[in-house]
Amino acid sequence: MHSGIAKTFLLLAGVCAVSALPAQDLSQYTTFTVDGKTVQIHGFASQGFMYSGNNNYLSANTTDGSFQMTDAGVNISSQITDKFRVGAQVYMFDVGKLGDYHPEIDWAYGSYKFSDWFGIRAGKVKTTFGLFTDTQDMTFLSTFAMLPQAIYPIDRRDESLAHTGGDIFGTIPLKQAGSLSYTGFAGDSWDTHNGGFIYSLLASGSGINLTKFGGLEAGGDLRWNVPLNGMVVGASYMRQYFSGNGTCEGGACPFFNAGGNGPYWESARNDYNTQFYGEYVHGRFRFDAEHRRTVRDHTIFSGANMNAFDIRAFYVAGAYRLSKHFELGSYYSRGIAHMDSSDIPDNVTHILDKVVCLRYDITTAWNVKVEGHFMNGVGSKFLPWGFYPSVNPQGLVDQTPLLVVRTGWYF
Amino acid sequence: MKNLTFLFVMAAGLFAIATVQAADIKVIANDSVKASSVSADELKRVFLLTRNSLDDGSHAEPVLLKGGAAHEAFLREFLGKTDSALQTYYRSLVFTGKASMPKTVGSDAEVVSFVVKTKGAIGYISSAAIAPGAKTLEVK
């Protein structure tokens, strides 16, 4: 415990020391022209520290204090004509045993706007779904060090973050009634090898080692920019036709002969997500609320078993900008998961989280957040909700207080 | 009673200052912009990067001030956002590939200079500032 407190003060002291350096304007180095076209380069990096009581979280040794919460990205883009733009972003992260600093293409696409009400994107595109799905891996944008994990789990974001395919999008003015913004999307989405679902199956002791998980997804988002300035309400829907392939150790998989590995597959029977959301920003005050339902109904163990999750989660969040440098935020989030499988009927798990965060903007491009979480619930072997048995050999207890300190810098 | 009167006078004074500030800016544009007026909705969508042309087909490229009274008044009057909320909004577009970061400059004079030399540029300055070479747009 003492080492965790010491590490916390060390990080904060380091941030304070570096913040005394004069701010640098990097825009002269990040914008240039090529053949008359303006090209911009932008990037970000964040470093966090997690310190928890009782349970280790997100596959990191957080009860001793862990700095395994790092991410960074860089992008390049250009508005080629008024209607056509291209760009790409590379991203890497390391959270506990996830990510492992493996660089991935976060997005890379071309976008053509025929008109304000109709455009297309093609390539690898961040998925527009709810308020923060497409920006959930860039928490430097948020008031909070961690978005509500019941809806935006760091260890499961591969499942919804981006797709390789295309979008149609546009904004339709409604005169006195505001405007409607829509996005329709379809494409492939694949979990990264160090992504949470593949890791969670291995870490759960199930013996399942997936080499591939994902598939086609399609859906849409419709948001109403209400005539009241600063208010948006919307809804999103997505169907996913995911499948997984890999191997399963004979000893752990009851449906194979003992000894050696057997081939393993699973596939979706009925996977879908719905999300309803609202946001209101007025002056210094911001309010967000979302509800997500995730249904995962799979044939598993190479056809020998079936497993269905019905996860319903919501959060309400508020933030108030106290001054040019300080913002205070809080949220309450709750997730309930019902799991039905052939041999474990109606298993119910939950994750509740009460959060308070103070954000300090050192400069316009650098912030630090100090955030307290008071979590209740630890998931299950098949839906860990960030609490992995592999890093909690002593067993799990219901309550997890968690301190997160996270600094983010961008240009 | 005296305290109530004092509070009323203070509130009226603050309201007057706010009203003066909101009216104390003007929108200017490059000569390539055909329109002599623009709707508040058009102006908002240009500065929120949801469109890069006006209703008359003119290319539109926003330029913003980095701070100051004119900047705060423009954000409050036309965009309904604080500066920090606006910067977060811009970054969410830039880091998802949907837009480029708009040009920001430090003074009215720099806004005028950028607007004059950049096709389609639209900016805002304090109404007392002069803008030789740029046209003033009426906001309806």
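This is a predicted model: local features need pLDDT of at least 70, side-chain atom pairs count only at pLDDT 80 or more; totals for chains, interfaces and linings use all residues.

**Chain B and its strand β5**

Chain B holds five helices and six strands, which follow one another from the N terminus in the order α-β-β-α-β-α-α-β-α-β-β. Of the 140 residues in chain B, 35% are buried. When contacts between residues at least 6 apart in sequence are considered, 68% of those in chain B join residues at least 24 apart.

Strand β5 of chain B, residues 121–126, is largely enclosed by the rest of the structure, because five of its six residues are buried. Strand β1 of chain B, residues 25–29, pairs with β5(B) in the antiparallel sense over five bridges, and in this pairing A29(B) stands opposite I122(B). Strand β3 of chain B, residues 61–65, runs parallel to β5(B) and is joined to it by two bridges; here the bridge partner of P62(B) in β5(B) is I122(B).

Helix α2 of chain B, residues 40–47, contains L43(B). Is L43(B) buried or exposed? The residue has 23 C-beta neighbours inside 10 Å, and therefore L43(B) counts as buried. Once neighbours within four places in sequence are left aside, the contacts of L43(B) are V27(B), V38(B), F78(B) and V139(B). For one of these, V27(B), which lies 16 residues away along the chain, the C-alpha atom is separated from that of L43(B) by 9.4 Å.

**The contact between the chains**

Chain A contributes 26 residues to the contact and chain B contributes 20 residues. Sorted by class, the side of chain B that touches chain A comprises 13 polar, four nonpolar and three charged residues.

In soluble globular proteins, nonpolar side chains tend to be buried together. The largest nonpolar core in this model has 53 residues, and those with the most contacts inside it are M50(A), Y57(A), V95(A), F144(A), M146(A), Y315(A) and V404(A). Strand β14 of chain A, residues 305–321, supplies the largest share of this core, namely seven residues. As for V95(A), its contacts, leaving aside neighbours within four places in sequence, are L58(A), A60(A), Q68(A), M69(A) and I154(A). A second, separate core has 29 residues, including I28(B), V33(B), V46(B) and L65(B).

| Strand pair | Sense | Bridges | One bridge pair |
|---|---|---|---|
| β6(A) (residues 118–126) and β7(A) (residues 162–173) | antiparallel | eight bridges | V125(A) and H163(A) |
| β7(A) and β8(A) (residues 179–190) | antiparallel | ten bridges | P173(A) and S179(A) |

Strands β7(A) and β8(A) form a hairpin, with five residues between them. Within the turn of this hairpin, K175(A) has a positive phi of about 55 degrees.

Conventions. Residues are numbered from 1 along each chain as its sequence is written. Chains are lettered from A and ligands numbered from 1 in the order in which they are written. Helices (H or I, at least four residues) and strands (E, at least two) are DSSP runs, numbered from the N terminus. A residue is buried if 20 or more other C-beta atoms lie within 10 Å of its own, exposed if 12 or fewer, and partly exposed in between; C-beta atoms are placed from the backbone. Two residues are in contact if their C-beta atoms, placed from the backbone, lie within 7 Å. Ala, Val, Leu, Ile, Met, Phe, Trp, Tyr, Cys and Pro count as nonpolar, Asp, Glu, Lys and Arg as charged, and the others, Gly among them, as polar. A nonpolar core is a set of buried Ala, Val, Leu, Ile, Met, Phe, Trp, Tyr and Cys residues joined through C-beta atoms within 7 Å. Two strands pair if DSSP finds at least two bridges between them.
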